[in-house]
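Take a walk through this model with the sequence and the coordinates side by side.

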Amino acid sequence: MSVDEHETQQRLKAAVHYTVGQLCQKLGDDHRREFSRQVIAAIAETTFRQCDIFAKDLEAFARHAKRNTVSTEDVKLAARRSTALSIYIQNKSEELNQDLKKKSTGKKKSRETEEESRE
Amino acid sequence: MAEQQDPEISFKKETVKKLLSSFFREDKTKISSDAVLLMVEMLKVFVQEAAVRSQKQAESEDCDQVDIEHFEKILPQLLLDF
């Protein structure tokens, strides 16, 4: 890994750490139980490494479907292990599709309504 | 599963995109913007699950602060769930 790549990784890690810190702060305030700095760092590191696993899975799924671009279908597949998570991601994906439908009422719409009527 | 607490706090789309791209084995692999949005959600759920489960663990041990040992105890199951 080059020096530049290494620095980019460090910056991304810092960005993850920052957001994890904010999310933990919020939960800590809501439930009156604060998180130690060490826990926040550990969750950030775990998230970073989990991201590595997700990325490699997504890439493999896309490649298996003979694509070079990771699509929402691949993400849905990555969320298969937990039923609740899987449903949550499916719903989010449908929300995204709804937004898309509002923006463009083209040929994509007819295909989606067709899918809906089938359900 | 943890309900989303605040829509404002989340990972930035650009961060997640760069993060995932940096882990891809091949340079030609791309990611669609909708897929990035879903991954933003997924990572947020992951962090919230980690945090809430650690908090519950701390609560069961009657601790006022969530510490590394609480996170260590919930980590194996967390990783199995994702």
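Start with A:Lys66. This residue is exposed, because its relative accessible area is 75% and the cut-off for exposed is over 50%. Keep in mind that the model is predicted. A:Lys66 lies in the loop between H2 and E2 of chain A. Its backbone deserves a look. Phi of A:Lys66 is positive, about 55°, although the residue is not a glycine. Most residues other than glycine have a negative phi.

Now move to chain B. Which loop holds B:Asp62? B:Asp62 is found between helix H2 (33-60) and strand E2 (65-66) of chain B. Phi of B:Asp62 is near 60°, again a positive value in a residue other than glycine. Is B:Asp62 buried or exposed? B:Asp62 is exposed, because its relative accessible area of 69% lies over the 50% cut-off.

Step back to chain A as a whole. Its secondary structure comes to five helices and two strands. Read from the N terminus, the order of elements is α-β-α-β-α-α-α. Chain A has 119 residues, and 39% of them count as buried.

Next comes a buried position, A:Val39. This residue sits in helix H2 of chain A. A:Val39 counts as buried because its relative accessible area is 0%, and the limit for buried is under 20%. Within its own chain, A:Val39 is 18 residues from A:Gly21 in sequence. In space the two are 9.5 Å apart, C-alpha to C-alpha. What does A:Val39 touch, leaving out residues up to four places away in sequence? The answer is B:Val66, B:Asp67 and B:Ile68. This leads to the other chain.

How many residues of each chain take part in the contact between chain A and chain B? There are 51 from chain A and 53 from chain B. The area buried between the two chains is about 5100 Å². Carbon and sulfur atoms give 73% of that area.

Polar links are present too. The count between chain A and chain B is 18 residue pairs in polar contact, both residues being at pLDDT 80 or more. The elements that give two or more residues to the chain A side are helix H1 (3-31), strand E1 (34-35), helix H2 (37-64), strand E2 (69-70), helix H3 (72-78) and helix H4 (83-103). The largest share of that side comes from H2(A), with 16 residues. By class, the side of chain A that touches chain B has 25 nonpolar, 16 polar and 10 charged residues.

How many salt bridges does the rule find across this interface? It finds one. B:Glu26 forms a salt bridge with A:Arg63. Their closest N and O atoms are 2.8 Å apart.

Finish with the strands. E2(A) pairs with strand E1 (residues 30-31) of chain B. The pairing runs in the parallel sense, over two bridges. Within this pairing, look at A:Val70. Which residue of E1(B) does A:Val70 stand opposite? That residue is B:Ile31.

Notes
Residues are numbered from 1 along each chain as its sequence is written. Chains are lettered from A and ligands numbered from 1 in the order in which they are written. This is a predicted model: local features need pLDDT of at least 70, side-chain atom pairs count only at pLDDT 80 or more; totals for chains, interfaces and linings use all residues. Side-chain values use heavy atoms; hydrogens and water are left out. Contact means heavy atoms within 4.5 Å. Buried area is the accessible area (1.4 Å probe) that two parts lose on being put together, summed over both. A salt bridge is a side-chain nitrogen of Lys or Arg within 4 Å of a carboxyl oxygen of Asp or Glu. A polar contact is a pair of N or O atoms within 3.5 Å; within protein, one must be able to donate a hydrogen and the other to accept it, and residues adjacent in sequence count only if both atoms are side-chain atoms. Helices (H or I, at least four residues) and strands (E, at least two) are DSSP runs, numbered from the N terminus. Ala, Val, Leu, Ile, Met, Phe, Trp, Tyr, Cys and Pro count as nonpolar, Asp, Glu, Lys and Arg as charged, and the others, Gly among them, as polar. Two strands pair if DSSP finds at least two bridges between them. Buried means under 20% relative accessible area, exposed over 50%, partly exposed in between (1.4 Å probe, protein chains only).
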